[in-house]
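Me: I have a structure open here and would like to go through it slowly. Could you help me make sense of it?

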Amino acid sequence: MLITLELYVMLVLANGTPVVAARLLKDRWSAPVDGDRLWGDGRPVFGHSKTWRGVASGTLACALFSLATGLGFVFGVVFGLLGLAGDLLSSFIKRRLGLVSSARALGLDQIPEALLPMLLAMVWLPVSVWVLIAVVVLFTVSNILASPLLYRLGIRRQPH
């Protein structure tokens, strides 16, 4: 049960730390991952809000938490990178669908960034498929429910 909570917290850190870092650091280290390049369809590859600062801060937060909980620094780095890769994958798909940055896409906004690192957890730790499902569902539901509150508190720029 503890591992379920630890993995959930790591997903929240990978997802939330970049938002906090953006608020604290403003425009510093805000280079977009895609270098503001456009895909063949004329749309951004990921979008301007996906930054190297976010990748670094989300990964570091996961790594430090993972180290503190005994899961290991390397596990935390890989877990965080996979979570952020899932977020980039979501953004890539949303851009191909013609959705603008920060547009709402239920499930697509949550599942890839939870599923990819949880697949790692299944192999690395190992955890059961039931833990994977529980953490992905918990992360998805809590993200959907918490987003409007975080928006009202001024932490998120969009209510979804």
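Me: Which residues are linked in a network of salt bridges?

Reply: Before anything else, please keep in mind that this is a predicted model. The network of salt bridges links Asp-41, Arg-43 and Arg-96. Asp-41 takes part in both pairings: with Arg-43 the closest N and O atoms are 3.5 Å apart, and with Arg-96 the N to O distance is 2.7 Å.

Me: How many salt bridges does a search of the whole structure find?

Reply: The search finds four. One of them joins Lys-94 to Asp-109, with the closest N and O atoms 2.7 Å apart. This pair, too, links distant parts of the chain, as Lys-94 is in helix H3 and Asp-109 is in the loop between H3 and H4, 15 residues apart.

Me: Are Lys-94 and Asp-109 buried or exposed?

Reply: Both Lys-94 and Asp-109 are buried.

Me: What about H3?

Reply: H3 has 24 residues and reaches 35 Å from its first C-alpha to its last, which is close to the expected 34 Å. H3 is followed by Gly-98, whose phi is positive, near 85°, and H2 is followed by Gly-70, where phi is positive as well, near 90°.

Me: Which helices do the buried residues of H2 pack against?

Reply: They pack against helix H1, residues 2–25, and helix H3, residues 73–96. The buried residues of H2 include Arg-53, Gly-54, Val-55, Ala-61, Cys-62 and Ser-66.

Me: Which residues have the most contacts inside the largest nonpolar core?

Reply: That core has 19 residues, and those with the most contacts inside it are Leu-7, Phe-75, Phe-79 and Met-118. The elements giving two or more residues to this core are H1, H3, helix H4 and helix H5.

Me: What does Met-118 touch?

Reply: Leaving aside residues up to four places away in sequence, Met-118 touches Leu-7, Leu-11, Phe-79, Val-127, Val-131, Leu-132, Val-135 and Val-136. Another core, of five residues, lies apart from the largest one, and among its members are Val-33, Val-45, Val-55 and Leu-88.

Me: How many cavities of 30 Å³ or more are there?

Reply: The search of the whole structure finds two. The second largest cavity holds about 40 Å³ of space, and its lining includes Leu-11, Ala-14, Gly-83, Asp-87 and Phe-139. H1 and H3 each supply at least two residues of that lining.

Me: Last topic, the backbone: which residues have a positive phi although they are not glycines?

Reply: Lys-26 has a positive phi of about 55°, and Trp-29 likewise has a positive phi of about 55°. Lys-26 lies in the loop between H1 and H2, and that loop also holds Trp-29.

Me: Is Trp-29 buried or exposed?

Reply: Trp-29 is exposed, because its relative accessible area is 62%. Lys-26 counts as exposed too, because its relative accessibility is 58%.

Me: And where is there a cis peptide bond?

Reply: A cis peptide bond joins Leu-125 and Pro-126, with omega at about -25°. Pro-126 lies in the loop between H4 and H5.

Note on methods:
Residues numbered from 1 in each chain as written. Predicted model: local features only at pLDDT ≥ 70, side-chain atom pairs only at ≥ 80, totals over all residues. Heavy atoms only, no water. Buried < 20%, exposed > 50% of the residue type's maximum accessible area, 1.4 Å probe, protein only. Helix = DSSP H or I, 4+ residues; strand = E, 2+ residues; numbered from the N terminus. Contact = heavy atoms within 4.5 Å. Core = buried A, V, L, I, M, F, W, Y, C linked by side-chain atoms within 4.5 Å. Salt bridge = Lys/Arg side-chain N within 4 Å of Asp/Glu carboxyl O. 1 Å grid on protein atoms, 1.4 Å probe; cavity = no way out; pocket = protein on both sides within 12 Å on 5 of 7 lines; lining within 4 Å. Points joined across faces, edges and corners; volume = space filled by probe spheres on them. Expected span 1.5 Å × (residues − 1).
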